[in-house]
Amino acid sequence: MRGASSYLLGSALLALLPLAANAFYLPGAAPHNYVQRDPVDLYVNALTPMLAGSDNSKLKSLINYDYYNPRFHFCTPNGGAKDQPESLGSILFGDRIFTSPYDIKMLQANATCQMLCTAEIPGEDAQFINERIREDYALNWLVDGLPAAEMKKDMKTGDLFFDMGFNLGNDDDDIPYLNNHYEIVLRYHEPSPGIYRVVGVLVWPSSRGGSQEDESSPDCDVEVPRLGLSENETNNIRYTYRVTWDESDTPWATRWDNYLHIFDPRIHWFSLVNSIVIVVFLCVMVAMILWRTVSRDISRYNAIDLSEDVQEDWGWKLVHGEVFRAPRYPMVLSVMVGNGAQLCAMCAVTLVFALLGFLSPSNRGSLATVMMVCWTLFGGIGGYYSSRIYASLGGVDRRKNTFLTATILPTLVFIVIFLLDFFLLVAGSSGAVPFSTMLLIVVLWFGISAPLSSIGSYIGSRQGGVSHPVRVNQIPRQIPPVPRHLRPWASALLAGILPFGAAFVELYFVMSSLFASRAYYAFGFLALTAGVVALTTGTVTILFTYFNLCAEEYRWHWRAFLTGGGSAFWILAYGLFYWLSRLSLDSFSSIALYLGYLFLICLFDFIVTGTIGFLASYWAVRRLYSAIRVD
C-alpha cells in the first residue's frame, strides 16, 4: 500500500513538473511587462573608475563615489533621492542605488530633447570633478535591472557588445570636459500585442557647452563647443537628455547576452586545454610512481623473511616509524585545514549554483551573497575537519581547537576589512561598508557560523582521530640533509608554478572584474579551471611528499600544506605585476585598498590549496604505509 501511494505521488509530481517549470522564475529574474505610457524607472548607482578604450590604458583609481555626493552636483528628484533595497553582496561590492529625476514613460517622448535641471558648481568642486574625469570615472545607471552601457566593438573578433557604464567626461585633449547631455536609447521587445519588455539600455554621453540657461524646450542638435569646468569661479551647468525607443528582436530571456561578452574565448579554451594536458601528465606520473615504484618497493619489503636477523630498509620505508609523528604546532595546522575545508565547500557549492543559472546577473551581488551564506552554513564542515585532524595529530585541547577554528580566520578577515573600510571613509568613498552591514555579518558569524562550527567539532571529536597503519617510534630518527629543491620554500615555489599556470588566464579576467568593473560570468570556464587547479595541486603535492619521504624527511605535514599553497605566492607576484602593468594608482587609499584585497585573495588561495595538498598527501601517505608489512 505504501509503495502504491509513493508511486502515485511520484507520478503526480512528474505530471506537474512541466507546469512548474513554465511558471518558475528565479528571484529577481522574472520579466517586467510594460504597457504604453507606463513609467520606466531609471536608478543611479555609484560612480566607479573604468578602463579607457585603448588596450594600453590603466586603471587610475579604486575608490567609488556616491552618485549624489554633494561635490558632483547632479540633479536630484523632487522630494530627494530615495535609496533602494539591496542584497548583502550588492552592498559589499559597493552598490549604492538611488532613484533619479529622469521622467521616462514607455514609448513616450520619443527622440525629444528634455531639460533635466541646472546646477551651480563652485570652483573647488569643479576641481574635484575634473580630477575624476582625468581618472576615467564612469556613471552607472540601471533600467529594469539592466545596466546602462556604451556599445563597443571587440577589435579581435569584430563582435559588438555592451560595455557597462559610461564616461563622466573625457580628457582626450588633456583638458577635462564634463558630459552634461545623455542620449538614452532603450531597446524594447514586444512578446505580445501591447506588452513591452526592456531588453537593452544604451547611453551616449556628450559635452555641450554654450548657453547653460534653463530652457523648457532645449535644442540638443545645434552645434556647440564642449563644456569645460573652470576651477577658479562658479560654473553654471545645464543637464539635458533625450530618450529614443528602439524595437528589438532580442527576447527578454537573452537580453544579457550583449552585456556578458567573453573577450577572445579562444584564450580561455587554449588555457583550459593546456591545463588539462598538464593534469593528465601529472596524474599519469603519479600513477606510474604509485604503480611501478611503490608497488615494486612494497613487494620487495613484504618478500623479506621476517625471521632474518638483519632486515635492510631503504627509501621511504626507513621512516615508517616517524611518518605519523605529530608535527610542530598541530593546533595551527588543524585550524587552517578546517577553515580550508569550509572555504572549499563554499567555492564548490557557489560554482554549482552559478553553473545551474541561479546567480542571475539581474540579482546584483548574488554571487557575494551566496558565498557569504555558504560560508556561514558550512561552519560545521570546518569544525568537523579541524577537530578530526587535530585528534589525528595527537591534540588534546579540543575546546581551544573549537574556539580557534570558529574565530581566528573570520577575525583576521574582519580586521583587514575594517582597515580597508577606514581608508574608504577617509577618501570619502561610498564603497565603505555601512555599520549596519558590518553588524549583520557579525551576527551571521556569531549567531550561525560559530555554533555550527562547534557542532561540527563535537561530531568530529566523537569520531576521534584517523587511525594510522604504523606505530610511531619513541625516539625520533635523525634527518639527513635534503636536496635544495626539497626545502620548504623551494618546493612551495616549484610546486606552485603548475596550479598557477593552469589558472592565470582566468585570474586575469577575475581581477579585471574585481578592480576594473568588467562583467565576468564565464562560470563554465571558471568551474573547469577550479577543478583542474584542485587536481594539479593534489597530484603535485603527493609527488613532493613522496620525494621528501624517499629523502628520509618525515616532517611532511607542514611541507605538504606549504607545497599545496605554493600557488598563492605566484598569485601575489602576479598581483604586483598586474598593479604595475594595468593600474596607475596615485592616492594612498587606492594603493592600500588594492594591496588589502590582494592580500585577502592570496590568503584564501593559500588556505584552500594548502588544505587540498595536505588532505591529498595525508590520503596518499596512509595508503602507502598501510600496504607494507612492518615488524
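Guide: Start with the axes: they are lines fitted to C-alpha atoms, for helices over the stretch in contact, and angles run from 0 to 180 degrees between N-to-C directions. Helices (H or I, at least four residues) and strands (E, at least two) are DSSP runs, numbered from the N terminus. This is a predicted model; local features need pLDDT of at least 70, side-chain atom pairs count only at pLDDT 80 or more, and totals for chains, interfaces and linings use all residues. Residues are numbered from 1 along each chain as its sequence is written, and side-chain values use heavy atoms, without hydrogens and water.

Visitor: At what angle do α5 and α7 pack?

Guide: Helix α5 (residues 330-355) packs on helix α7 (residues 379-392) at about 150 degrees, with axes 7 Å apart. That makes the pair roughly antiparallel (over 145 degrees; under 35 is roughly parallel, 65 to 115 roughly perpendicular, the rest oblique).

Visitor: Which residues of α5 and α7 meet?

Guide: Contact means heavy atoms within 4.5 Å. In α5 they include Met331, Val335 and Ala341; in α7, Ile381, Tyr385 and Ile389 are among them. The contact divides into 10 nonpolar, 6 polar and no charged residues (Ala, Val, Leu, Ile, Met, Phe, Trp, Tyr, Cys and Pro count as nonpolar, Asp, Glu, Lys and Arg as charged, the others, Gly among them, as polar).

Visitor: Is Thr537 buried or exposed?

Guide: Buried means under 20% relative accessible area, exposed over 50%, partly exposed in between (1.4 Å probe, protein chains only). Thr537, in helix α11 (residues 523-550), is buried at 2%. Leaving aside neighbours within four places in sequence, Thr537 touches Pro499, Gly564, Thr609, Ile612 and Gly613.
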